[in-house]
Structure formats: C-alpha cells, structure tokens
Amino acid sequence: MTDGDRRDGALVLVATPIGNLGDLSPRAVATMAAAALVCAEDSRRVAKLFAHAGIAKVPVVVTNEHTELSRIPTVLATLADGGDVVLVSDAGTPGVSDPGHRLVSAVLDAGYAVSIVPGPVAAVSALVISGLPSARFVVEGFLPRSGRVRARRLDELAAERRTTVLYEAPHRIVRTLEDLTAVCGPDRPVTIVRELTKRFEEVVRSTLGSIDVGEPRGEYVVVLGGAIDDAAPPDDETIREAVRFQLDAGAGTNDAASTVAKALGIPKRQAYSIALGTLRSDHD
Ligand code: SAM
C-alpha cells in the first residue's frame, strides 16, 4: 500500500446490550474485532463482552468520565495511522448519559470521521413501551442529586410539555418519584421501566400519586408524561368532534357553533366555519 492509498481511521461509537447479550449485533462484533483500538468504560466489562463475542487481541484503553480527555491524543494518533477506534460504554449507546461527547468533539475538530453502529438505548426503549406520547420527547438522563440545581431542574420538568425520560439508580428512585410528585402533582402519568431486556423486566404504568415501585432493585428508567397546557387553544380536530356531537344531537349549525364556542372558549365564527365544513363534507 502506498501513502496515496492510505486512509485515515474513523472513530466508531458501538452500542452494546443493556442487559441481554443477545442484543449484541453482528456488525458491532465485526467492528470491534477489526478496530485498532477499543476505548471502553470498564476493562472487566469489555473483557466479558469480547469473551462472549470471541474477540481477542484488540488493544483496549479505559475511557471513562475521568480519563476521556486524557485519551484524546492516543485516539488521534491511532486515527492518523489509519486505524479505526471503537468507543463502547458499559451498556447501551456511548454518549447517552455516558462518556463520548468530548471524544467525538475532539475527533471532529481534528478533521476525522465519526460513525456509529447503532443499537440499544435504555431511554428510547423505555419510552416506546411506556404508552406515553413518543412523538416528541426529552431525554433528561440523571437528575442532579441535590441542592438548588436539582430543585431548578425539577421545576423545569414540571413545566415540560413533552414526555421526559429519566435514568435513576435503585436507591434514589423513591425519593425522585416523591420529588416529581411534589412539583408535578399526583395526577401526572408516569411509567417506570425496570431491568429492560433482562429476566426481571417490569413495566408499571400509573400516575405519580399512585405508583408503587415495591422494593427498589435493578436498573430503572422513569418516563414522565408531559404537562398539559390548559391555556392552549383547542385544535381543529377537537372543535370538529365537539361540533359533530352537537349536530348529531340535532342542533342546527348556528346553535352547534354557539354551544361549542362557549364550551371551548373560542370565537363563534371559528366554530361556525368548522361546523359548515363538517356539513359540507357530509354532503360530498
Ligand atoms: N448509555 C446507556 C444507554 O444508552 O441507555 C445509559 C447509561 S447510564 C450510565 C445507566 C442508566 O441507564 C441506569 O442507571 C438506568 O437508569 C438506565 N439503564 C441502563 N440499562 C437499563 C436496563 N436494562 N433497564 C432499565 N434501565 C436501564
């Protein structure tokens, strides 16, 4: 190979299982096996993963929240040499409540490519089975443990309209649910997802005031329903449904529009125009 053929390496973030080794993808294994260097949060955990996948002889450097910055020169040198560098965290997707962002940023700044072998993320997995709206959501990660920063973050969460996903440790889950209840009120919907993909996987869907997590054990994701904005104007679909109800009950267009306008607190002409549209589409 001549110098002209040589390509720079790329940093590849590889997602790993969040509990069930069956979720390790073939591409994750192939990418780790072909890497010149694997940056891993914990040497023992990655050794287990390698043993499971039959990977041997790939150099590993421990890259955790304390060492991430100091690994940057080694990573850049490996990339400059044409070797690919893999970043894995203890579980799930690196960079999601795990080290990764500072390394990604440094590699991009140095002009190298960053790519991903996607896979499990506890937050997204919990969200999509929670039963709570998933079209727009926020991944909050871990809340600050105490003090004013925690109180401020809790206040922000109380006002958040999108579904919020939180990570929590078993010994703090009860306190976090109590704090959320204090700021969001007891009626806010919440789903607690425990031990995803593992033997004791459990999903509890309830409200903050009624949820019972039992004896806290294992890993938890808290999925919190968004705040409902009572001041938001009703959308056309809501108005149409209300108008249809009145028309079906025998009201004329004018009366239906008056009743709906009063009930929903909207201008009568808006309800009237939707009522006319509803009648027109009935006759089409
Ligand atoms: N990078 C990971 C990801 O992609 O989901 C998250 C890492 S964060 C340090 C670890 C937290 O994720 C745990 O404390 C727990 O809240 C959540 N978590 C990880 N695995 C889980 C699982 N199998 N079931 C429920 N929660 C899990």
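An oxygen atom of the ligand lies 2.8 Å from a polar backbone atom of threonine 93, a polar contact in the sense of an N or O pair within 3.5 Å. Over at leucine 196, a backbone N or O atom sits 2.8 Å from a ligand nitrogen. On its own the ligand exposes 570 Å², and the protein buries 91% of that (Shrake-Rupley areas, 1.4 Å probe).

Keep in mind that this is a predicted model, where local features need pLDDT of at least 70, side-chain atom pairs need 80 or more, and totals for chains, interfaces and linings use all residues. Numbering starts from 1 along each chain as its sequence is written, and side-chain values use heavy atoms, leaving out hydrogens and water.

Now zoom out to the shell, meaning residues with a heavy atom within 4 Å. There are 18 residues around the ligand, and Ile18, Asp98, Ala122, Tyr167 and Tyr220 come nearest. Domain 1 (10-120) and domain 2 (123-224) each give at least three residues to this shell, with bounds from an automatic or database domain assignment.

Methods. Polar contact = N/O pair within 3.5 Å; in protein donor to acceptor, adjacent residues only side chain to side chain.
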